[in-house]
Every structure is written in structure tokens, then in C-alpha cells.
Amino acid sequence: MVEVKNINKKYADNYAVKDLSFSVEKGCVYGFLGANGAGKTTTLNIITGCLGPDSGEVKICGKDIFENALEAKKHVGYLPEQPPLYPDMTVLEYLSFVAKAKAIKKDAFDPQLRSVIEKTSLKQVLHRLIKNLSKGFKQRVGLAAALLGEPDVLILDEPTVGLDPAQLIEIRELLKDYGKNHTVIISSHILSEIALICDRVLIISKGRFVVEDTPAALSEKASGKSIIKLCAKCPSDLALQLLKAVDGINASLVRNEEDSAELEISYSRRKDPREEIFFLFADKRIALTHFEQKQRSLEQVFLELTDQQKEKKH
């Protein structure tokens, strides 16, 4: 659905984007991550045809965004970081205007409006002037406009800025559902949202590719170690003594009480020791009141991978 090949964009002597390539298929919600100044917004502007690259190629549904711009853009819905709203229009006037600009057919016009209004929960503010809306409602108006026409590719730059927790849940579910049959690309600084919504994640640093994979696989790439948290109903010295029998792990005491111990166990992902540990304690009839593998957050993965990239450059 979206193919980006070797795009470059330079301002004076600095590259905003350097030799960046990736592709996104239908039925995928794709997270696009990078620190401030990494080149995310520049890349999205190039993909949507709002900005020309110095070199490289972008295709949307097989159409070149620069050589066949009109046809390619018919497949795209775009919500930039600052939604391009007309403050003196009401919400309904603005969405009707956008629907006409997108040349939505007459028989689909009203159903399309009703659909996006319902999906973005805008019914209560339809007749209010956009300039009088909160930041969260303005963001939802921008998202509704991007959804008009049911674009094959939906591209969103910081779509959840200004939304309250209830709105976040609604929009999160909307985007996950939309991504089942379309292509969705999301750029955001809220990495916890990216982890919850996206099927795949691309991280860039200073305009350059760092890594691309599923959130779970990125956690593995960021560190060769996994962590197990364990609480056992026994003295800590006994728990630690038992764990010495398990090869390839490193156990440390987190908290010790009179009849229980909380420990953290690190191990290489090449050897998953959880089954061995479970039966080790079970054979001694020692209850495990807590036993889980801790997941590294996307924030931790992002910081570790971008730090690795910085170290390679020095």
C-alpha cells in the first residue's frame, strides 16, 4: 500500500531525512517513532505529497505521489500535527466542506458524514464554531476530516494530543479497527499508545533508519536479557539456593519478608528457564504467589536503541 524508497531531504548542510526506505501493507497499523528533530514530520509530509524530497520515491497503492499526485492522493487521509481547521466554521460546515473537496459522491455524502461524526463522537458539538472547541475536540474534528472518503491509507501525526483518557480509549479502538482493512501510519511521542495500537514500529534517529519490527521483537533486539519477577513463600536464602541449580540465570533479591521472598531473575532469551523454575519450586512444595515475565516498555526500547545509534556515530 505504501512504498518509500531511499528518500532524502536536506536543509542547508543538514539531512532531515537520509536514505530512508520502508513499506507498509494493507491491514497494518504502523508506528513511526523518533525524537524531536528526527525527521518524522518531514517524512510524513513527503509521503503525503506536501513536500518534495531531494531524491527518492514514494508510491501509494502503486501510484507515484509525485508523478501521479492526484491519483495517489485520492487514497490518502492525512491529519498533520496542527489540524488545518477553519475556526469560523461550525464542525458540520467544515466536515461538509472537506467532503465536497474530496469529491465524495452524492449518494455517499450524508452516510459518510454520519459515519465519521459517530466514530469520532462529534455529535454534541456539530453546530459549534471550531474556534470555541477544546484542543481535544479540534483534534477529533481533524481526524474526522482525515477519515472522510474512507481512504486506503490513513496518516496521522500526533493524533492523540489533547485527548482526555476516555477519548484516548475511543480513538485507540477506532484506529485499531480501521487498520484491520486499511493502512494506518501513526507518528507519536506517546510511546505507550504506539505500543497498544501498532502492529509494527519503525524508529528513526536524525533522519536515518534505526530499526523496524513488531513491538515484541524490538524488545528482544534492544536487550539480550529478559527479566522474570518471582515471589516465593519461603525464606530468601532457600529461594536463592534453589535457583543456583538453574543454568544461565542470575537471581537477585528485591524484597525479603519473614516467610516469603521477592526476586528478579535475568536470563538470555536463548534459554527460557520458566518451566524449570516452576517445577523446581513445585517439587519442594513451595508456593509461587507471583511469577511473570516482565516486558520492557517501548520507552525503554526506544531510548536504548537510539542511544546505540548515537554510539555508532561517535
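**Pockets, helices and rings**

Mentor: Let us begin with the open space, bearing in mind that the model is predicted. Strand 6 (76-79), helix 3 (91-101) and helix 5 (135-147) each supply at least two residues of the lining of the largest pocket.

Trainee: What is the volume of the largest pocket, and which residues lie nearest its centre?

Mentor: The volume of the largest pocket is about 710 Å³. Its lining is made up of 24 residues. Those nearest the centre are V76, G77, Y78, V98 and K102.

Trainee: How many cavities of 30 Å³ or more are there, and how much space lies in the largest cavity?

Mentor: A cavity is a space where the probe fits but cannot get out. The count of those of 30 Å³ or more comes to two. The space in the largest cavity is about 40 Å³.

Trainee: Which residues line the largest cavity, and which helix gives the largest share of that lining?

Mentor: The lining consists of P159, T160, L175, I186, S188, E193, I194 and I197.

Trainee: Is L168 buried or exposed?

Mentor: L168 belongs to helix 6 (residues 165-178). A residue counts as buried under 20% relative accessible area. L168 has a value of 18%, so this residue is buried.

Trainee: Which residues does L168 contact, leaving aside its neighbours within four places in sequence, and how far apart in space are L168 and E193?

Mentor: With those neighbours set aside, L168 is in contact with T160, L163 and E193. L168 and E193 are 25 residues apart in sequence. From C-alpha to C-alpha, their separation in space is 8.6 Å.

Trainee: Why do the buried residues of helix 10 line one face of the helix?

Mentor: In helix 10 (residues 274-283), the buried residues are I277, L280 and F281. Seen down the helix axis, they fall within a limited arc, so they line one face of helix 10. On the other side, E275 and D283 are exposed.

Trainee: Which elements do the buried residues of helix 10 pack against?

Mentor: One of the partners is a helix, namely helix 9 (236-243). The others are strand 11 (225-232), strand 12 (249-256), strand 13 (261-268) and strand 14 (288-294).

Trainee: Which residues of helix 9 are buried, and what do the elements that cover them include?

Mentor: The buried residues of helix 9 are S236, A239, L242 and L243. They cover an arc of only 130° around the axis, which puts them on the same side of helix 9. What covers them includes strand 12, strand 13 and helix 10.

Trainee: Let us turn to the rings. How many aromatic pairs does the structure hold, and why is the pair of F22 and Y30 stacked?

Mentor: The structure holds five aromatic pairs. The ring centres of F22 and Y30 are 5.6 Å apart. Planes under 30 degrees apart count as stacked. The planes of F22 and Y30 are at 15°, so the pair is stacked.

Trainee: Which residues do ring pairs link into a cluster?

Mentor: Both F22 and Y30 are buried. The cluster linked by ring pairs is made up of F22, Y30 and F32.

Definitions and conventions. Residues numbered from 1 in each chain as written. Predicted model: local features only at pLDDT ≥ 70, side-chain atom pairs only at ≥ 80, totals over all residues. Heavy atoms only, no water. Phe/Tyr/Trp six-rings, centres within 6.5 Å; stacked < 30°, edge-to-face > 60°. Buried < 20%, exposed > 50% of the residue type's maximum accessible area, 1.4 Å probe, protein only. Helix = DSSP H or I, 4+ residues; strand = E, 2+ residues; numbered from the N terminus. Arc of directions from axis to C-beta. Contact = heavy atoms within 4.5 Å. 1 Å grid on protein atoms, 1.4 Å probe; cavity = no way out; pocket = protein on both sides within 12 Å on 5 of 7 lines; lining within 4 Å. Points joined across faces, edges and corners; volume = space filled by probe spheres on them.
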